[in-house]
Amino acid sequence: MGIEREVGIVGGGISGLLACKYMLEKGFHPIVFEAQSSIGGVWTKTLATTKLQTPKVLYQFSDFAWPSSVTEDFPDHHKVLDYSTSYAHHFDLLRHIKFNTKVEQIHFEGSSEEEMQAWHLWNGTGDPFSSKGKWKLSLRNTLNHELTQEYQVDFVILCIGRFSDVPNTPKFGPDKGPEVFGGKVIHSIDYSSMDYQTILDFVKGKQVIIIGSQKSASDIAMECAAINGVEHPCRMLYRTEHWNIPDYLPWGVPLALLYLNRFSELMLHKPGQGFLLTVLATILSPLRWAFSKFVESHIKWKLGLAKFGMVPKHDFPREISTCLISVVPDKFYDKVQEGSIILKKAPSFCFTQEGILVDGEAASLKADIVILATGFKGDEKLKNIFASPTFKDLIMGSPNEPLPLYRECIHAEIPQMAVIGFSESLSNLYTSEMRCRWLAELLDGRFKMPSIEEMKKEVRKWDEYKKKYSGKYYRRSCIGALQIWYNDELCKDMGWNPYRKKGLLAELFEPYGPLDYST
Ligand SMILES: Cc1cc2nc3c(=O)[nH]c(=O)nc-3n(C[C@H](O)[C@H](O)[C@H](O)COP(=O)(O)OP(=O)(O)OC[C@H]3O[C@@H](n4cnc5c(N)ncnc54)[C@H](O)[C@@H]3O)c2cc1C
Ligand SMILES: NC(=O)c1ccc[n+]([C@@H]2O[C@H](COP(=O)([O-])OP(=O)(O)OC[C@H]3O[C@@H](n4cnc5c(N)ncnc54)[C@H](OP(=O)(O)O)[C@@H]3O)[C@@H](O)[C@H]2O)c1
């Protein structure tokens with residue numbers, strides 16, 4: 001038990017709450033620093049229409065069920081927030097959280113950079129703690145913006161989230177960016193932070209162009225269409241068509257049966273698999289193709305994608321392997337059909353005084369408002385928190401590789417620090433919980449890290465997998481299609497039996513979820 005050790009957790013979203021709960025369970029002293037005045041992270045400020053996209057059976061704590069009053073499969077964001085708040089109360093986490101406290105930077109004190117470069121084991125010994133190594137956290141009070149005292153901890157867990165704070169904004173050449181535009185340009189972050197009345201005043205009667213085609217873009221388009229109707233249709237400019245889904249039941253078959261069980265993972269080439277599994281994945285590739293066509297035909301039929309020119313060029317499994325899969329808002333294509341949303345392909349574009357000029361076209365699309373629903377830079381957010389330029393470079397890794405995190409949590413060359421919640425899955429709560437349990441066992445001394453060389457080798461294996469199956473989206477670090485294989489690795493490290501089902505058939509075909517790991 002780690003009675004003496006203080007663990008600093010940055011962020012009080014779902015990942016931070018989980019980290020706090022599992023650190024407490026092992027007897028550590030966790031202290032959570034949360035920049036906002038409440039817990040819940042992304043679920044505290046989002047569009048009014050935001051619901052869980054993941055079925056709640058997958059998005060639940062393994063030891064704390066959704067209340068029976070929540071009967072729907074996809075609860076709205078208020079209910080997700082209530083559920084996480086109840087979790088925090090149930091496990092008495094709130095008294096460990098320092099609200100309105102932003103961690104500006106973290107600074108490692110202990111071994112010098114030269115000493116660290118000579119290490120063969122993570123943190124010098126493979127152990128999570130050392131007698132001389134400490135992290136110093138510089139804190140800012142977010143109410144009065146003053147820097148407060150520095151705080152020293154034995155271990156840092158970064159749970160800062162990846163879908164907030166640092167927007168991904170497209171880059172433009174000179175005189176081609178937002179600066180030449182006569183209207184307003186905002187990011188989806190700004191839109192999400194407005195209340196409905198402000199949005200109404202902002203959007204009503206205006207010509208709106210939304211850049212992007214994923215969940216933020218389609219949700220915002222639905223709101224704009226509801227406000228302005230066909231009179232002032234809202235345009236969505238997209239680069240890539242995606243297999244966004246209308247439901248989780250392609251032709252009546254649960255998607256989880258096709259993609260979230262061990263059998264489905266047999267169809268993929270997995271990092272570190274042996275000869276037999278390689279052969280099996282190759283033999284089963286026609287079946288993978290057949291599953292894909294089965295699902296795609298359902299989506300195409302149900303949404304009428306061909307009519308709107310929205311059939312993706314890639315296959316459906318690519319969408320799962322990138323964690324880009326999102327649920328199409330109800331009646332989205334009805335709005336496209338009636339003309340209150342106009343979809344337009346725009347692989348590249350620039351701003352003009354009156355709006356947006358799509359490359360290859362002669363005339364600009366006129367706009368009063370352009371909303372960039374272009375996602376976030378979670379990697380930059382992680383980088384910015386380190387004081388050391390060396391650690392900044394290490395955490396980012398090469399731009400041509402995914403972020404180099406062993407078990408998606410630990411950087412082989414950054415001591416006494418873990419990241420929870422960067423690498424994505426199809427249910428981020430479930431994945432963050434598995435990672436926090438693994439981390440708690442590591443900190444409690446149940447297992448050790450392998451050598452730095454071994455850690456890097458393992459990271460490279462997962463890099464190959466991500467590049468093979470996620471293509472240009474490899475830096476999203478999605479493990480969604482191999483959640484069970486990934487969990488198996490965590491279980492083996494912790495000395496748990498990775499096989500959680502009763503009987504071979506169940507083991508092969510029953511979908512896995514958080515409750516399989518309840519202890
Ligand atoms: C609108 C929306 C809907 C989503 N829907 C789903 C879904 O249906 N299913 C799914 O699996 N995933 C979904 N996600 C992904 C979602 O990010 C995760 O499910 C999960 O909530 C992430 O939790 P987190 O704690 O890792 O990060 P966050 O929720 O982003 O929390 C991070 C916390 O850290 C705090 N913080 C950040 N930096 C600092 C700092 N320097 N100092 C102090 N505090 C700091 C922030 O204030 C925040 O409270 C959604 C994301 C968004 C944006
Ligand atoms: N549960 C919910 O209701 C809900 C609501 C909102 C968001 N979310 C989640 O929040 C996360 C973030 O979603 P998001 O939609 O904000 O971001 P996102 O998933 O990262 O999507 C970004 C979009 O912007 C486009 N884009 C990025 N850079 C561009 C550029 N330079 N030019 C043109 N287009 C560009 C992308 O195009 P490409 O497709 O070509 O890459 C993509 O369509 C996701 O996990 C999402 O599921 C959930």
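**Close-up 1. In this predicted model, helix H1 passes helix H15 in a right-handed crossing.** The contact draws on Ile14, Ser15, Leu18, Ala19, Tyr22, Met23 and Glu25 from H1. From H15 come Leu429, Ser432, Glu433, Cys436, Arg437 and Ala440. Sorted by class, the residues of this contact are eight nonpolar, two polar and three charged.

**Close-up 2. The axes of H1 and H15 show how the two helices pack.** Two packed helices are described by the angle between their axes and by the distance between the axes. For H1 and H15, the angle is about 30° and the axes lie 9 Å apart. Because angles under 35 degrees count as roughly parallel, H1 is roughly parallel to H15.

**Close-up 3. Ligand 1 is surrounded by 32 residues.** The closest of these residues are Gly11, Gly13, Gly41, Gly161 and Gly421. Helix H1 (14–25), strand E4 (101–109) and helix H15 (428–443) are the elements that each give two or more residues to the shell. The shell around ligand 1 consists of 13 nonpolar, 17 polar and two charged residues.

**Close-up 4. Domain 1 and domain 2 touch each other.** According to the domain assignment, domain 1 covers 2–165 + 377–478, and domain 2 covers 178–372. The centres of the two domains, taken over C-alpha atoms, are 28 Å apart. Domain 1 gives 23 residues to the contact, and domain 2 gives 21 residues. On the side of domain 1 that touches domain 2, nine residues are nonpolar, eight are polar and six are charged.

Definitions and conventions: Residues numbered from 1 in each chain as written. Chains lettered and ligands numbered in written order. Predicted model: local features only at pLDDT ≥ 70, side-chain atom pairs only at ≥ 80, totals over all residues. Near = placed C-beta within 6 Å. Helix = DSSP H or I, 4+ residues; strand = E, 2+ residues; numbered from the N terminus. Nonpolar A, V, L, I, M, F, W, Y, C, P; charged D, E, K, R; others polar. Axes fitted to C-alpha atoms, helices over the stretch in contact; angles between N-to-C directions. Parallel < 35°, antiparallel > 145°, perpendicular 65-115°, else oblique. Left-handed = near helix turned anticlockwise from the far one by under 90°. Contact = placed C-beta atoms within 7 Å. Domains from an automatic or database assignment.
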